[in-house]
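Let us walk through this structure step by step, from a whole chain down to single residues.

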There are 2 protein chains.
Amino acid sequence: MSLPRIAIDAMGGDEGVRVMVHGAALARRRHDKFSFLLVGDEARIKAALDDHPNMRAASEILHCDEVVAGDEKPSRAIRRAKTTSMGLAIAAVKSGDCGAAVSAGNTGALMAMGKLALRTMPGIDRPALAGLMPTLGDNDVVMLDLGANTDCDARNLVQFAVMGAAYSRIVTGKAAPRVRLLNIGTESIKGTDDLRDASQRLRDATGLAMQFDGFIEADKINRGEVDVVVTDGFSGNIALKAIEGSARFVTDLLRTAFTSSLRSKIGFLVSRPATELLKHHLDPNNHNGGVFLGLNGVIVKSHGSANAQGVANAVDVSARLLEDDITDRIAADLGEIGELSMRDKSVSQETAK
Amino acid sequence: MSLPRIAIDAMGGDEGVRVMVHGAALARRRHDKFSFLLVGDEARIKAALDDHPNMRAASEILHCDEVVAGDEKPSRAIRRAKTTSMGLAIAAVKSGDCGAAVSAGNTGALMAMGKLALRTMPGIDRPALAGLMPTLGDNDVVMLDLGANTDCDARNLVQFAVMGAAYSRIVTGKAAPRVRLLNIGTESIKGTDDLRDASQRLRDATGLAMQFDGFIEADKINRGEVDVVVTDGFSGNIALKAIEGSARFVTDLLRTAFTSSLRSKIGFLVSRPATELLKHHLDPNNHNGGVFLGLNGVIVKSHGSANAQGVANAVDVSARLLEDDITDRIAADLGEIGELSMRDKSVSQETAK
């Protein structure tokens, strides 16, 4: 077995064991070299595997009785790491038994447990949650942090840029993804001290496998003009949810408009292939799989309400990150800016005064 | 003349004098008690008025040669306040000659000049830029601050909530608009210290003409479940632009999808009334007119690329704010939380330590 196994927290998520196992089975069709550790209630996992013989052959089951609740406080979840499906999936990554863990459970608990068990990589102060979003261009855009860190300084943002670029290289195949910092204007005087500081550091850095283009405003995230959008977790979460909410708003309006008259209804039916394409493009399941970057191991968060196709995409993300060894890539890139990273520390502290 | 005049910076904006005058003329049909001071190049304003005799009768022209440039630094614009159309429009509000000024020019310059000339109201530390956005409900939602203040403390946020509620009462006619703070989760432990602090203060306050409901996430802004969304200028600008960009993204996808096959094209034509309704709902011209709240006078920013209908909406906003005397309303509400506001100061300072 040349590739590491993937641990699946079979119990997390709103949709239950069947969807997690079904999703993993779908992903395995695309990545047939991978095998799986399915963590959770053995009887239910076995029942779910009955529908997926190819998956059964590639899976081991690790039974446990307990599940982290959706509203459980991370501090409590951490204390139950040795008895919950989420905790045991992460522990399998820590021990080296698996290379990645995928969970559709409580995001805060997953982050807290992942950080505690796997620790951040050398050179990374804080892990970040990175996600993929659709664009008008050929590739999805990577955005990070999506909510793991409410406050970020310039040093954090520089590290996020390095991690996001490494992720984008795997997703897009580009040697030097276009990276920008999210800001409220593109002029160099805009935004906070930390943003301006991070921008200057990324401009000054040499040897980074990215093309750093300065700032980007939130209305340009989906235009396909950029591969990585870097931001603190507060703004990133606001931007992500504003984009999701606005897309839903427009499609809801559209649905109302299309069902308001017989003429519209006929038009809608005739043009169904077009609206199906739109639906496909906007379906969050097609962009499912938030990645905690910067840990010693890969942790992927699947959306709680994802369907089997959504789970398959999250497992697919973890498989691609393992195949391309994201952790080594980030470590190598951080080596390039080692000196810069050191210098950041003293400057950030000065800025904070 | 019982109602104050409205000063129009006829020179600002990408579309020029004709659009500003045309827009004001359209607005005047809805508010025929108002008269106008048109500030800018006299010859061009006169030429534009030839198409609008009703407007000509209600207008006075204040000639000036200079214009604030779109990319002019606010610090430079301030020094030219006495010779530019924007500066003179604001000066007319300061002198009491007009009650409001409308400009489609440089936002930063408008804010800086407005602040310097009109000063903030007693009890308000900083003015905020408030805008209206479409929702799935019956009313537009008021969001503030949209970018005037990058950093805001709890005290600023409480003041924004009071100002936003006063604005919403005028727009919606509701006695107690539903107000929430924008955050990355709705639990009381979420977000920054300042957000939690502001939330507690608004919960504790009594006698405010609003229904304060805690936090709201960015995907819920347009659902019609809230009348006022309060945020710092950084997050507000990110959210606003993310919503605009996402709406454009979806409609661009839709256009592509609808023109990708003959069948779709036919469907599109048949259902045109539906898509026209969508277009109308999303057209930024129908929600044009950002208001700087908290100054001793009304300053309304029209979008630089607004058409005549958009300018008319911005002028309409200024007329409604004058008719309902927004400044007095805010002052009265601030009186209600006078004690609270004082207490904020010491607590905010402690938090900052």
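How many helices and strands does the secondary structure of chain A come to? There are 14 helices and 11 strands in chain A. Keep in mind that this is a predicted model.

Start with the overall form of chain A. Its C-alpha trace spans about 60 × 60 × 35 Å along the principal axes. The radius of gyration is 21 Å. A compact globule of 353 residues would have a value near 20 Å, so chain A agrees with that expectation. Burial comes next: 58% of the 353 residues of chain A count as buried. The accessible surface of the chain comes to about 14,200 Å², and carbon and sulfur atoms hold 49% of that area. Consider also the contacts in chain A with a separation of 6 or more. Of these, 72% are between residues 24 or more positions apart.

Helix 7 covers residues 154-172. At 1.5 Å a residue, its 19 residues should span 27 Å, and the end C-alpha atoms are 26 Å apart, which agrees. Helix 7 of chain A is mostly covered, with 19 of its 19 residues buried. A:Asp153 caps the N-terminal end of this helix. After helix 7 of chain A comes A:Gly173, with a positive phi near 75 degrees.

Helix 8 of chain A covers residues 193-204. From first C-alpha to last, its 12 residues reach 16 Å, close to the 16 Å expected at 1.5 Å a residue. Its buried residues are A:Leu195, A:Asp197, A:Ala198, A:Ser199, A:Arg201 and A:Leu202. An α-helix has 3.6 residues a turn, so residues three or four places apart point the same way.

Move to chain B. Which strands pair with strand 1 of chain B? Strand 4 of chain B, residues 98-103, pairs with strand 1 in the parallel sense over 4 bridges. Strand 2 of chain B, residues 36-40, also runs parallel to strand 1 and is joined to it by 4 bridges. B:Ala7 shows both pairings. It stands opposite B:Ala101 in strand 4 of chain B, and its bridge partner in strand 2 of chain B is B:Leu37.

Why is strand 1 of chain B described as largely enclosed by the rest of the structure? The reason is that 5 of its 5 residues, 5-9, are buried. B:Arg5, B:Ala7 and B:Asp9 point one way, B:Ile6 and B:Ile8 point the other way, and all are buried.

Helix 5 of chain B packs against this strand through its buried residues. Those residues also pack against strand 2, strand 3, strand 4, helix 6 and strand 11 of chain B. Among the buried ones are B:Met86, B:Leu88, B:Ile90 and B:Val93. Helix 5 of chain B is followed by B:Gly96, whose phi is positive, near 90 degrees.

Helix 9 of chain B, residues 233-258, holds B:Asn237. B:Ile238 lies in helix 9 of chain B too. B:Asn237 is buried, with a relative accessible area of 9%. Its side chain makes a polar contact of 3.0 Å with the side chain of B:Lys241. Beyond its neighbours within four places in sequence, B:Asn237 is in contact with A:Ile184, B:Asp145, B:Leu146 and B:Gly147.

B:Ile238 is buried, at a relative accessible area of 1%. Not counting residues up to four places away in sequence, B:Ile238 touches A:Leu182, A:Asn183, A:Ile184, A:Ala218, A:Ser235, A:Ile238 and A:Ala239.

Finish with helix 1 of chain B, residues 17-30, where B:Arg18 is found. Is B:Arg18 buried or partly exposed? B:Arg18 is partly exposed, because its relative accessible area is 47%. Leaving out residues up to four places away in sequence, B:Arg18 touches B:Ala47, B:Ala48 and B:Asp51.

How values were computed
Residues numbered from 1 in each chain as written. Chains lettered and ligands numbered in written order. Predicted model: local features only at pLDDT ≥ 70, side-chain atom pairs only at ≥ 80, totals over all residues. Heavy atoms only, no water. Helix = DSSP H or I, 4+ residues; strand = E, 2+ residues; numbered from the N terminus. Buried < 20%, exposed > 50% of the residue type's maximum accessible area, 1.4 Å probe, protein only. Polar contact = N/O pair within 3.5 Å; in protein donor to acceptor, adjacent residues only side chain to side chain. Contact = heavy atoms within 4.5 Å. Expected span 1.5 Å × (residues − 1). Rg over C-alpha atoms; globule rule 2.2 N^0.38 Å. Areas by Shrake-Rupley, 256 points an atom, 1.4 Å probe, with all protein chains shown as cover. Pairing = 2+ DSSP bridges.
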